[in-house]
Amino acid sequence: MNTSSEKPGPLFRLALTPGEPAGIGPDLCAQLAQSPPAGVELIAFCDPELLEQRAASLGLPLRLEPPGADPRPCDPGELRIAPVKLAAPAHPGELNPANSAYVLECLRAAVRDVLDGKADALVTGPVHKAVINQAGISFSGHTEFLAELCGCETGVMMLATPGLRVALATTHLPLQEVPAAINRDRLIEVLTILDRDLRDRFGIERPRILVCGLNPHAGESGELGREEIEIIEPVLAKLCSLGMDLVGPLPADTLFTPHRLDDADAVLSMYHDQGLPVLKFKGFGNAVNITLGLPIVRTSVDHGTALDLAGSGKADAGSLRYAVEAALEMSRTGGRA
């Protein structure tokens, strides 16, 4: 028997979107419900029949209940549900553009609840960008879509795993478009958001941020490109003069080494595949995708829809659990911006 006199902490309510209905998102939600994290009430914004069918195919018990006025803990095998109806039946592994609008409506409904104070944070499962675009809906990713829903000009994508945080100056762009997107205003905005949210959301008093160069060897004094000299270095000098602790631009091939990372709180990578392969090698399945710069806390899994694993029982819910735990910790530390 627990004889401690310590009172339990506050219970937080998290909005959860499973993402692409043909992918592993519904599987992960059903799996997570079997051992719900302490300190949270999870509300799934999706079609209840989808979750029930997927749980049944996995042989998992699942009870869906409407949320009450106040959050209450979920028992094992239980989730709260905010119903959003599928447009067409969803089958594991079989993409259907007819359900693309459904995926986005789940996100809209969940974001509305968080913005309205009915939930404390948003946790998202993986979406399939290609099938959404095939439905005639322009969609480049969660980060940009959520920023638009929240009325923000810029959302910053950051992935984190124990011992490493990597934020992106640009997100889902073809590589040939990256240099033009690395400009003074963009870098100032991204670094300002990154510094502020590390302070406010993570409780870091003065974050130390390592900044990658764009070119090999960080341009090698202009021999391999001049973006470092003409854009990145002046931006870092300006922001350091305002009190930020920024180091760089550094060559990406030597930045991700222990002697540099030991005293760093985050890394800013210039493009998606410059920094994220390192982070995913270090912590795949135990990493979380976080959107900075929003008026809400939003975390997500670090992987895609894994259509080949949907309905198989082989999907690992570790990243979703870590995303929930990260959202809970950020809600405790900083809550709303």
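Which residue in β12 is the bridge partner of N289? In this predicted model, the partner is S300. Residue S300 belongs to strand β12, which covers residues 297-300.

Strand β12 has neighbours in β5 and β11. With β11 (residues 288-292), the pairing is antiparallel and rests on two bridges. With β5 (residues 121-124), the pairing is parallel and comprises four bridges. S300 takes part here too: T124 stands opposite S300.

V297 and T299 point one way. R298 and S300 point the other way. All of these residues are buried, R298 included.

Strands β11 and β12 form a hairpin, with four residues between the strands. In this hairpin, G293 adopts a positive phi near 90°.

A helix pair was also examined. Helix α7 spans residues 184-200, and helix α8 spans residues 227-241. The two helices pack at an angle of about 45°, and their axes lie 10 Å apart. Because of that angle, α7 is oblique to α8. The crossing of α7 and α8 is right-handed. On the α7 side, the contact is made by R184, L187, I188, L191 and T192. Helix α8 contributes I231, I232, V235, L236, K238 and L239. By class, the residues of the contact of α7 with α8 are eight nonpolar, one polar and two charged.

Technical notes:
Residues numbered from 1 in each chain as written. Predicted model: local features only at pLDDT ≥ 70, side-chain atom pairs only at ≥ 80, totals over all residues. Heavy atoms only, no water. Buried < 20%, exposed > 50% of the residue type's maximum accessible area, 1.4 Å probe, protein only. Pairing = 2+ DSSP bridges. Axes fitted to C-alpha atoms, helices over the stretch in contact; angles between N-to-C directions. Parallel < 35°, antiparallel > 145°, perpendicular 65-115°, else oblique. Left-handed = near helix turned anticlockwise from the far one by under 90°. Contact = heavy atoms within 4.5 Å. Nonpolar A, V, L, I, M, F, W, Y, C, P; charged D, E, K, R; others polar.
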